[in-house]
Amino acid sequence: MSRIGKAAITLPQGVKVAISGARVNVEGPRGKLHYDASRDLKVVLNGSVVSVELVKDTPESRAVWGSTRAHLNNMVLGVSTGWKRTLELNGVGYVAKVQGPKLVLAVGFSHDVEMVIPTSIKCVVTKNQLDMESVDREELGTFAAKIRKVQPPEPYLGKGIKYSDEVIRRKAGKTGKK
């Protein structure tokens, strides 16, 4: 039995869930999201409580049971409160700018790196921080990972793009001979 899968999701005030077959639509004050559940699972709505149940007890259905419940919970939290991610740019001359629908990064290359910001993500740049907000946790995490991948932090000087809550283990540099 999946401990996560059998846990119920309590809907906060203002969040509505509509289930049609395997498709689950979640709507709240911040936006709308949808999820297509596996045919081996059944999503049930009882008042303001959503639960995920097994239709067939197979290894494949048990494997997606907990993750389906987690996706639905992330959707409910996203449309009610939203998700936030903050990246820090560390390095001399490392700058980020939002220009229309694009994020422009100057991170030590001979050219600026331009990335198209997904429509569901709001980006704000303040000094060396890039604050992002979205209702879709998966899309926000994927976009943050793509930004970090442009110039990952290095362990000697700590230069690069890192998550604000990430700790970079620093290495000692070379020492002279004695």
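Val104 stands opposite Glu114 in strand S10. Strands here are DSSP runs of E with at least two residues, helices are runs of H or I with at least four, and both are numbered from the N terminus. The model is predicted, so local features need pLDDT of at least 70 and side-chain atom pairs count only at pLDDT 80 or more, while totals for chains, interfaces and linings use all residues. Residues are numbered from 1 along each chain as its sequence is written, and side-chain values use heavy atoms, leaving out hydrogens and water.

## The sheet S8-S9-S10

Three strands make an open sheet, ordered S8-S9-S10, with antiparallel pairing. Two strands count as paired if DSSP finds at least two bridges between them. Strand S8 (95-99) and strand S10 (113-116) are the edge strands, each pairing on one side only. From one strand to the next, the twist averages 20°. Strand S9 (residues 102-106) is joined to S10 by 4 bridges.

Helix H2 packs on this sheet and touches S9 and S10. Contact here means heavy atoms within 4.5 Å. The direction of H2 makes about 175° with that of S10. Axes are lines fitted to C-alpha atoms, for helices over the stretch in contact, and angles run from 0 to 180 degrees between N-to-C directions.

## The sheet S1-S6-S5

Another open sheet of 3 strands has the order S1-S6-S5, and its pairing is antiparallel. Strand S1 (9-10) and strand S5 (41-46) stand at the edges with a single partner strand each, so one side of each has no neighbour in the sheet. S5 is joined to strand S6 (residues 49-54) by 6 bridges. Val43 has Val52 in S6 as its bridge partner.

Helix H1 lies across S1, S5 and S6. H1 runs at about 165° to S6.

## Two hairpins

Strand S2 (residues 16-20) and strand S3 (residues 23-28) run antiparallel, joined by 5 bridges. Ser20 has Arg23 in S3 as its bridge partner. S2 and S3 form a hairpin with 2 residues between them. In that turn, Gly21 has a positive phi of about 70°.

Strand S11 (residues 122-126) and strand S12 (residues 129-134) also pair in the antiparallel sense, over 5 bridges. Lys122 has Glu133 in S12 as its bridge partner. S11 and S12 form a hairpin with 2 residues between them, and Lys127 in the turn has a positive phi of about 50°.

## The largest pocket

The largest pocket holds about 190 Å³ of space. The search runs on a 1 Å grid over the protein atoms alone: a pocket is an open set of points with protein on both sides within 12 Å along at least five of seven lines, a cavity is a set where a 1.4 Å probe fits but cannot get out, and lining residues have an atom within 4 Å of a point. Points are joined across faces, edges and corners, and a volume is the space filled by probe spheres set on them.

The pocket lining consists of Leu33, His34, Tyr35, His71, Asn74, Met75, Val135, Asp136, Arg137 and Glu138. Strand S4 (31-36), helix H1 (59-80) and helix H2 (137-150) each give two or more residues to it. By class, the lining has 4 nonpolar, 3 polar and 3 charged residues. Ala, Val, Leu, Ile, Met, Phe, Trp, Tyr, Cys and Pro count as nonpolar, Asp, Glu, Lys and Arg as charged, and the others, Gly among them, as polar.

## The one cavity

Searching the whole structure finds 1 cavity of 30 Å³ or more. The largest cavity has a volume of about 30 Å³. Its lining is Ile9, Val17, Val24, Val26, Val43, Val50, Leu72 and Val76. S3 and H1 are the elements that give two or more residues to this lining. The lining residues divide into 8 nonpolar, no polar and no charged.

## The whole chain

The protein chain has 2 helices and 13 strands. Its radius of gyration is 21 Å, well over the 16 Å that the globule rule gives for 178 residues, so the chain is more spread out than a compact globule. This radius is taken over C-alpha atoms, and the rule is 2.2 Å times the number of residues to the power 0.38. Along the principal axes, the C-alpha atoms fill a box of roughly 70 × 45 × 25 Å.
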